[in-house]
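Look at the sequence and the model together while reading.

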Amino acid sequence: MAAPRPRIFALLLCVSFFLFWDQLSTAPLNQRPIIGVLAQETSRSFQKFGSSFVAASYVKYLESAGARVVPISINLTEAQYRKLFYSINGLLLPGGGTNLITSQFAKIAALFYDLALQANDHGSYFPVWGTCLGFEELTVLTSGEKLLIATNTSNLPLPLKFTQDAMDSRMFKNFPRDLMQALAVEPLTANFHYWSISVKNFTRNTKLRNFYKILTTNMDNKKLVFVSTMEARNYPIYGVQWHPEKSAFEWTKKKNIPHSLDAVEVSWYLAEFFVNEARKNWHHFSDETEEANALIYKYPQVYTANISVYEQIYVIDGNRFS
């Protein structure tokens, strides 16, 4: 009997791939998704509260779409991080300010990023989202180097320039048409970053170019075009250089944050999208007690609008996950 031709093998591989994704799209969804949010070290006025924190706006953002949140402390062991990874259904790397290579934030993000790639490669759908600092961290983790350049993009609301890839992207394909139009012409996205990855640096880097699709770009006042939204080609990994969580949950008048109905709807649609991605994952804690101890509800919340750009933060001190 003649051996199957190579193209038959390729056809069978394609059929198997589409069957996997079809089964994934019709499989029962996790109705109680839990998303981990990576904490970062406190600095300046926050140090009096503790060693690390999570801005409450990220928690509210995820909760608005039906998820619960587990903070990921910067003080756990590697074994504890690995155990926590298999207990949560997705990961959000928030915005903020810290070193993208040497900080605890960077080291923990790298561990979870590698675990997410391994899980997805073995058929366990695990989404990762990066906002601002988290977006920048994803570019470092994927490329293996820091390719960011300085841009004049702090405290700046902008519209988005969509690429052709955005129209059939997982992130935007279910957005209402009128909201996509609003995003393209109105300054609905809150930018608070001093560094960006230029389209030029992004496309020159083979690892980034092959791993991600650019969904939107923006331009600073020096005409430098940078990547503002991206999603991985073959993994549920997403990044936005801007802050969708701020429009609905941060209210400082010191910053130019869009609060229009369209801006708030953008926030909700992206939260819903990412939480629905997490619903495709079935990781879970070993029991209800362990889950309850890990959830963010047991961490102290502090009002910080009088000393920072955050309305509230959660102080992430102590080890509540074993």
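A residue is called buried when its relative accessible area is under 20%, exposed when it is over 50%, and partly exposed in between, with a 1.4 Å probe and protein chains only. Asparagine 293, with a relative accessible area of 28%, is therefore partly exposed. The model is predicted, and local features need pLDDT of at least 70, side-chain atom pairs count only at pLDDT 80 or more, and totals for chains, interfaces and linings use all residues. Residues are numbered from 1 along each chain as its sequence is written, and side-chain values use heavy atoms, with hydrogens and water left out.

Asparagine 293 sits in helix 11. Helices (H or I, at least four residues) and strands (E, at least two) are DSSP runs, numbered from the N terminus. From asparagine 293 to valine 70 the sequence separation is 223 residues, while their C-alpha atoms are 9.3 Å apart in space.

Now turn to helix 4, which covers residues 104–121 and has 18 residues. From its first C-alpha to its last it reaches 26 Å, close to the 26 Å expected at 1.5 Å a residue. The expected span is 1.5 Å times one less than the number of residues in the helix. Buried residues of helix 4 include Phe105, Ala106, Ile108, Ala109, Leu111 and Phe112. After helix 4 comes glycine 123, with a positive phi near 90°.

How do helix 4 and helix 5 cross? Two packed helices are described by the angle between their axes and the distance between the axes. Here the axes of helix 4 and helix 5 (residues 133–143) come within 10 Å and cross at roughly 65°. Axes are lines fitted to C-alpha atoms, for helices over the stretch in contact, and angles run from 0 to 180 degrees between N-to-C directions. The crossing of helix 4 and helix 5 is right-handed. A crossing is right-handed if the near helix is turned clockwise from the far one by less than a right angle, and left-handed if anticlockwise.

Contact means heavy atoms within 4.5 Å. On the helix 4 side, Phe105, Ala106, Ala109, Ala110 and Tyr113 meet Leu133, Glu137, Leu138, Leu141 and Thr142 of helix 5. The residues of this contact divide into eight nonpolar, one polar and one charged. In this grouping Ala, Val, Leu, Ile, Met, Phe, Trp, Tyr, Cys and Pro count as nonpolar, Asp, Glu, Lys and Arg as charged, and the others, Gly among them, as polar.

Why is helix 5 described as largely enclosed by the rest of the structure? The reason is that 11 of the 11 residues of helix 5 are buried. Helix 5 is followed by glycine 144, whose phi is positive, near 85°.

Next come two residues in loops. Histidine 243 lies between strand 12 (237–240) and helix 9 (246–249). Its relative accessible area is 5%, so histidine 243 is buried. The side chain of histidine 243 makes a polar contact with the side chain of glutamate 245, at 2.8 Å. A polar contact is a pair of N or O atoms within 3.5 Å; within protein, one must be able to donate a hydrogen and the other to accept it, and residues adjacent in sequence count only if both atoms are side-chain atoms. Beyond four places in sequence, the contacts of histidine 243 include Tyr58, Gly95 and Thr131.

Asparagine 281 occupies the loop between helix 10 (261–278) and helix 11 (288–294). Its relative accessibility is 1%, so asparagine 281 counts as buried. A polar atom of the asparagine 281 side chain lies 2.8 Å from the backbone nitrogen of histidine 283.

Is arginine 44 buried or exposed? Arginine 44 counts as exposed because its relative accessibility is 73%. Arginine 44 belongs to the loop between strand 2 (40–41) and strand 3 (52–55). Most residues other than glycine have a negative phi. Arginine 44 is not a glycine, yet its phi is positive, about 50°. Lysine 223, also not a glycine, has a positive phi of about 70°. Lysine 223 is exposed, with a relative accessible area of 62%.
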